[in-house]
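Please read each point with the sequence and the coordinates at hand.

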Amino acid sequence: MDRLLSVDEAKRQLSIGTTAIYDLMKTGELRRIKLGRKTVLAQSDIQAFIEKKLEEATA
């Protein structure tokens with residue numbers, strides 16, 4: 001089962017700010033999961049985003 005991360009945990013993993021996280025969710029680069037009023041992100045989505053950015057950087 002995939003671990004769910006809070007927005008704060010995700011921004012620490014990616015070393016970016018809150019606004020940047022929400023911008024990535026708005027553009028669809030990161031998938032938002034709503035649990036009631038709380039927004040969480042799947043660890044696998046964060047990892048896939050990192051891998052995509054690494055591939056772009058080496059291309």
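**Note on the predicted model**

1. Arg-31 lies in the loop that joins H2 to strand E2 (33–35); helices (H or I, at least four residues) and strands (E, at least two) are DSSP runs, numbered from the N terminus. When neighbours within four places in sequence are set aside, Arg-31 is in contact with Val-40, Leu-41, Ala-42 and Asp-45; contact here means heavy atoms within 4.5 Å.

2. On provenance, this is a predicted model, in which local features need pLDDT of at least 70 and side-chain atom pairs count only at pLDDT 80 or more, while totals for chains, interfaces and linings use all residues. Residues are numbered from 1 along each chain as its sequence is written, and side-chain values use heavy atoms, with hydrogens and water left out.

3. Val-40, one of the partners of Arg-31, belongs to strand E3. Val-40 is buried, its relative accessible area being 4%; buried means under 20% relative accessible area, exposed over 50%, and partly exposed in between (1.4 Å probe, protein chains only). Apart from neighbours within four places in sequence, Val-40 is in contact with Leu-4, Leu-5, Arg-31, Arg-32, Ile-33 and Leu-35. By contrast, the C-alpha atoms of Val-40 and Glu-56 are separated by 25 Å, although these residues are 16 apart along the chain.

4. Which residues of helix H1 (residues 7–14) are buried? They are Val-7, Ala-10 and Leu-14. These residues lie on the same side of H1, because they cover an arc of only 65 degrees around the axis; the arc is that of the directions from the helix axis to the C-beta atoms. The buried residues of H1 pack against strand E1 (4–6), helix H2 (18–27), strand E3 (38–42) and helix H3 (43–58).

5. The loop between H1 and H2 includes Ser-15. Ser-15 is not a glycine, yet has a positive phi of about 55 degrees. Its relative accessible area of 64% makes Ser-15 exposed.

6. In H2, the buried residues are Ile-21, Leu-24 and Met-25. An arc of only 100 degrees around the axis takes them in, which puts them on the same side of H2. The face turned away from that buried side carries the exposed residues Thr-19, Lys-26 and Thr-27. Among the elements covering the buried residues of H2 are H1, E3 and H3. Gly-28 follows H2 and has a positive phi, near 90 degrees.

7. Leu-24 of H2 counts as buried at 12% relative accessibility. Not counting residues up to four places away in sequence, Leu-24 touches Ile-16, Glu-29, Leu-30 and Phe-49. For Leu-24 and Phe-49, which are 25 residues apart along the chain, the C-alpha separation is 9.9 Å.

8. Two packed helices are described by the angle between their axes and the distance between the axes. The axes of H1 and H2 come within 9 Å and cross at roughly 100 degrees; axes are lines fitted to C-alpha atoms, for helices over the stretch in contact, and angles run from 0 to 180 degrees between N-to-C directions. H1 and H2 are therefore roughly perpendicular to each other; angles under 35 degrees count as roughly parallel, over 145 as roughly antiparallel, 65 to 115 as roughly perpendicular and the rest as oblique. Val-7, Ala-10, Lys-11 and Leu-14 of H1 meet Thr-18, Ile-21, Tyr-22 and Met-25 of H2. This contact comprises six nonpolar residues, one polar and one charged (Ala, Val, Leu, Ile, Met, Phe, Trp, Tyr, Cys and Pro count as nonpolar, Asp, Glu, Lys and Arg as charged, and the others, Gly among them, as polar).

9. How do H1 and H3 lie, and what is the angle at which their axes cross? Their axes come within 11 Å and cross at roughly 25 degrees, and H1 and H3 are therefore roughly parallel to each other. The contact involves Ala-10, Gln-13 and Leu-14 from H1, with Gln-43, Ile-46, Phe-49 and Ile-50 from H3. The residues of this contact are five nonpolar, two polar and no charged.

10. Glu-55 is also located in H3. At 58% relative accessibility, Glu-55 counts as exposed. The C-alpha atoms of Glu-55 and Arg-32 are separated by 23 Å, the two residues being 23 apart along the chain.
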